[in-house]
Amino acid sequence: MMPILSILIFLPLIFALVIAVLPQHYTTYFKWITLGVTGVELVLCSYLYFSFDKTALSYQFQEQLDWITLPLGALGVGSIDYLLGIDGISLPMVLLAGIVMFVGAISSFEIKDKQRGYFGLYLLLTGSVIGCFVALDMFLFYLFFEFMLLPMYFLIGIWGGPRKEYASIKFFIYTLVGSLFILLVMIGLYLSVIDPVETAVQMGLIMDKSQVTPELITQIQQLLAEGKILPEQLVHTFDLRFMADAANFVGDSWLHKAAEVAMGDFSIRAIAFLLLIAGFAIKLPAIPVHTWLPDAHVEAPTPVSVVLAGILLKIGGYGFLRIAYPIFPEQATHYASLIACIGAVSIVYGAYNALAMKDLKKMIAYSSVSHMGFVMLGVASITSQGVNGAVYQMFSHGILSAMLFLLVGVLYSRTHDRQIDSYQGLASKMPVYTGFVALTFFASLGLPAFSGFIGEFFTLAGAFNTPLLPKWITVLGAFGIVLGAGYFLWTLQRMFFGNFWSKYELSLLPDLNVREKIMLFPLAILAIAFGIFPQLLLDVTNETVSQFLTLFV
Amino acid sequence: MSLITLIPLFPLLGFLINGIGFRKVPNSLVGIIGSAAALASFACALSLFLNFSGTPQLVHVFDWITVGKLNIAMSFQIDQLSLLMLLIITGVGSLIHIYSIGYMHHDEGFGKFFAFLNLFLFFMLLLVMGSNYVVMFIGWEGVGLCSYLLIGFWNKNVNYGAAARKAFIMNRIGDLGFLLGIFLIIAHFGSVEYADVFGKVAEGGYLSGDKTLVAITLLLFVGAMGKSAQIPLYTWLPDAMAGPTPVSALIHAATMVTAGIYMIIRSNIMYSLAPETLEVVAWVGLATAVFAASIGLFQNDIKKVLAYSTVSQLGYMFMGLGVMAYSSSFFHVMTHAFFKALLFLGAGSVIHAMSDEQDIRSMGGLRKKLPITFITFLIATIAISGIPPFAGFFSKDEILAHVYEHNKLMWAFGLLGSIMTSFYMFRLLFLTFFGEFRGTKEQEHHLHESPLTMTAPLMVLAVLSAIAGFFNLPHIFGGHAGLAEFMAPLFAHSHVETAEVSESTEIMLMVISVVAALASAIVAYVIYVSKKAVPAADGAESGLQKVIYNKYYIDELYDAVFVKPISALSTFFHDVIDFLGIDLIVESIGKLVKTLSAEARLLQNGTTGFYLFAMVLSIVALLAWGLQGFFF
């Protein structure tokens, strides 16, 4: 079998190196190499989608290699695995990454200076983003998570707009603080969780990992609970699959469910959970740790904005579902209202801010805050509708925000001006452009028959119907759909309706060119297809989500 | 493929052809394709109606959504209610499509117009055919989209664009209620299919006034208030007149705005168990009926008068629903679709002839130049005013008779509304078609009767407005209330208390309202024909008249109470909380780190003496720490 997930990660990394070492006179090929690589990635992602077994309960396309194994004496044995796999929650994200990175690569054709650096970093980013979504070992996840920062920092900081230094450093610091939180919890988890299979090998119960049986694992867990395993024989692990099982926690460890370690009124598990939530909320981003996003977007070049909104933000929501929630289910239930509240406030607050914006790109950046709030609300509900809806919303927002930022880029590339007041009545002069903008706006404001509707409908339905949350939170969040209509339609009216007027000459404002149509048209088709046939994605997520929900009973 | 699935498919095809082929399909073909799509749907609907067995039919199109245990199917339900709605939508829709060929002929967006009109039909059909609330909601939002696109069809005019936006956002507020209602239905019944939900209500032994049902019905009614322009969400409909006139006739008079009534009749089993909601529905309906009629009294824009009249008539329908006179309300939906579509198309014909003039103060004496328009308009006016034997008389009187049984005060107000209706409609008729022509010479020279594509639909609708009352002729006139009988199975499980109105009361009520309507028509005649009064120029009104002419300043009120504060709040959120609050904190933390590290850097100054000093100091400190147990 082909190690397809590894190929997905390493193909772009290898070609990033290739671009780095190719002689200068190949510069014109860099964009084509990038396009080719992301194209192959997209094909592979689609292959994953089509060959994914929708009924299977375990991770698929798994790859595992022992990476680092260190005997640490009394601290037991340290083990980090190169462990990859996907399920119904990560597959949509991987597919989305394939789509967004490909479209971003086409959009990157407009980058003219320092191409070697740009395309090298772009491919580096591609590899690490996908790595994030397929890693099942927390250490590996964290590695990719951090790795992503580097290309992102430079992509904004070098190819960005006038305030690029400010924006990139703000992005960097915010995200770094977030990863610090995650790092703390990761170490704590590592010290608390053991790999029962490896432990069995260490104890000499079996010779080889392949001999393991479910009974043996139960037996090891039993011994662990009774504290009968010597510390030297405990094999600590970053394996997320083992972390999600409370029976793998060492009895006297800090993060064991029965641990009585507390700081003030908070148990250590609660603190660990909240740190993870904070870390991922920064990435999402949620109120009040969102202020890096508008700045980063405004300064970032179009393709980087597309990638940032289209796929990077999703890592926040994905982190909730893959790491924070399965490992700390009881905390998730306990803090459901808090998280839902942050989600609902993000929806409304983001929408209000979008309403006040004079810069089109900033308006869209804030609309992202609002739309990602739905994800948080849906996840917090811990219902099948809410969680499926949240994954759907992430996918849909990935497509739609990519379109939105491409559309802003269209104007920006023509006039270098994104102020809403600089344009009026564009509908009569750029009809195709206007058509795409109107379509994307309506899709984004959650009109049925577009993908946005499904995500919003089910996140709200889930949040409304769970006993965990008071009804007013959902009602508050639902106001987002009215405000959403408000800022999108107002913008449409200010820029596109009325008689044509612009600060710029009409000759500067031609309608969409072929390259722009090639990027936008397929995305529009996807937004409609996933709106009309939501089972395209829900079939993938349903089983995994029901599996996920069993952790919470 | 069954006939049923074909019904929405034709307009969808029409939309795709005219939409994708915009500017490529020749104009002569555009109108034919668009109208043919509507007519084909009408033919299918008619054939279904004629072959209808009496038992509802379900057509499963495809499995749409499965999330966890919740299944939502894309499926259609054909029963008495959807059949009647189908006939109205496709029937009136076809006529309006044909009319539009003549009306929109010179417009550069001709193809786009027909594409949107077909798309509207598609969503409207989805709305009434869906067998569950989610499909209804899709149609519901879809018609909202088309309404937006068509109101803002001439969006080079900024005001028109604003009207479109207002319509969409106000509808969204209503949709919020609808959406929450659906969530509550999912939570409570675990399904959104009508058959499941209503089945569970019928067998669930719910008591009248059950809290959940009251909550569900109230939330759904919020949706209805938005779509059907009831107080307080009505102000978008008069503004929606910015759209081309056929749009006003089809969407904002005959079909879309009655979706709210459709929704309540569809859910009648729940409403009948929620008397509190019904009371709210009735009073909101009544308030809207009277309030809007009073605004209609002094408007001078031909379409604005008709718009307020629509709002007011929708109020009557809700009032009827509120007293559980479901079939009477539906009867009014039907007759209203005929005569209001006719009035709008007639107005369109006038506007067409007057070179886009809409102010009735500049009209007058048009009956000689536009004879067909005049006669059909006259028939519609009589019909809406409730003068027998035309359609509006029967339907409105049925509602009022039921209201009378429910609450006499409500009836009195209802009567007041109908007196006003008759007055403003005859005022409109007289100012437009009687007296001397008051427009410019150019306009007078250009006056002409509209082409056949426009007058033919007028004539068909005029016939329907004249005779539709006989579809549901009450028993006292020797009829057998055919419509009510046909619709009876829809209400089989509702606990409708049918308090029969005695014949003598019924006759008395009819006489009162006919006399009242005639009297106010005569008053209008005296004022506007005999005395030749012409409404004052803008700004010259005074007192109460000024307040009413300015629509009670409700738009200004909403602007001050909602729009401005929201806009202020959004600026506050961004400029103060985001910018001064969060960002300032973030940046100060950054600065703090920078300052501290600048200070800390000084410790490493490279002087050996300083390092030694530091080392000694540290050792002392450590020793002190280690020995503290020894000393204390």
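Buried here means under 20% relative accessible area, exposed over 50%, and partly exposed in between, with a 1.4 Å probe and protein chains only. This is a predicted model in which local features need pLDDT of at least 70 and side-chain atom pairs count only at pLDDT 80 or more, while totals for chains, interfaces and linings use all residues. Residues are numbered from 1 along each chain as its sequence is written, chains are lettered from A and ligands numbered from 1 in the order in which they are written, and side-chain values use heavy atoms, with hydrogens and water left out.

**View 1. Helix α12 of chain A, residues 302-312.** Helices (H or I, at least four residues) and strands (E, at least two) are DSSP runs, numbered from the N terminus. This helix is mostly covered, with eleven of its eleven residues buried. Among them are Thr302(A), Pro303(A), Gly310(A) and Leu312(A).

**View 2. The interface of chain B and chain A.** Contact (heavy atoms within 4.5 Å) links 45 residues of chain B with 53 residues of chain A. Buried area is the accessible area (1.4 Å probe) that two parts lose on being put together, summed over both. Between these chains it is about 4,400 Å², and carbon and sulfur atoms give 72% of this area.

**View 3. The salt bridge between Asp583(B) and Lys170(A).** A salt bridge is a side-chain nitrogen of Lys or Arg within 4 Å of a carboxyl oxygen of Asp or Glu. The rule finds one across the interface of chain B and chain A. On the side of chain B that touches chain A, β1 (57-67), β2 (70-78), α5 (133-151), α6 (158-189) and α24 (554-601) each supply at least two residues. The most comes from α6(B), with 16 residues.

**View 4. Helix α5 of chain B and its N-terminal cap.** Of the 19 residues of α5(B), 18 are buried. Because the expected span is 1.5 Å times one less than the number of residues, α5(B) should span 27 Å, and its end C-alpha atoms, 26 Å apart, agree with this. Asn132(B) caps the N-terminal end, with a side-chain oxygen 3.0 Å from the backbone nitrogen of Val134(B).

**View 5. Ser147(B) within helix α5 of chain B.** Ser147(B) counts as buried because its relative accessibility is 2%. A polar contact is a pair of N or O atoms within 3.5 Å; within protein, one must be able to donate a hydrogen and the other to accept it, and residues adjacent in sequence count only if both atoms are side-chain atoms. Such a contact, of 3.1 Å, joins the side chains of Ser147(B) and His252(B).
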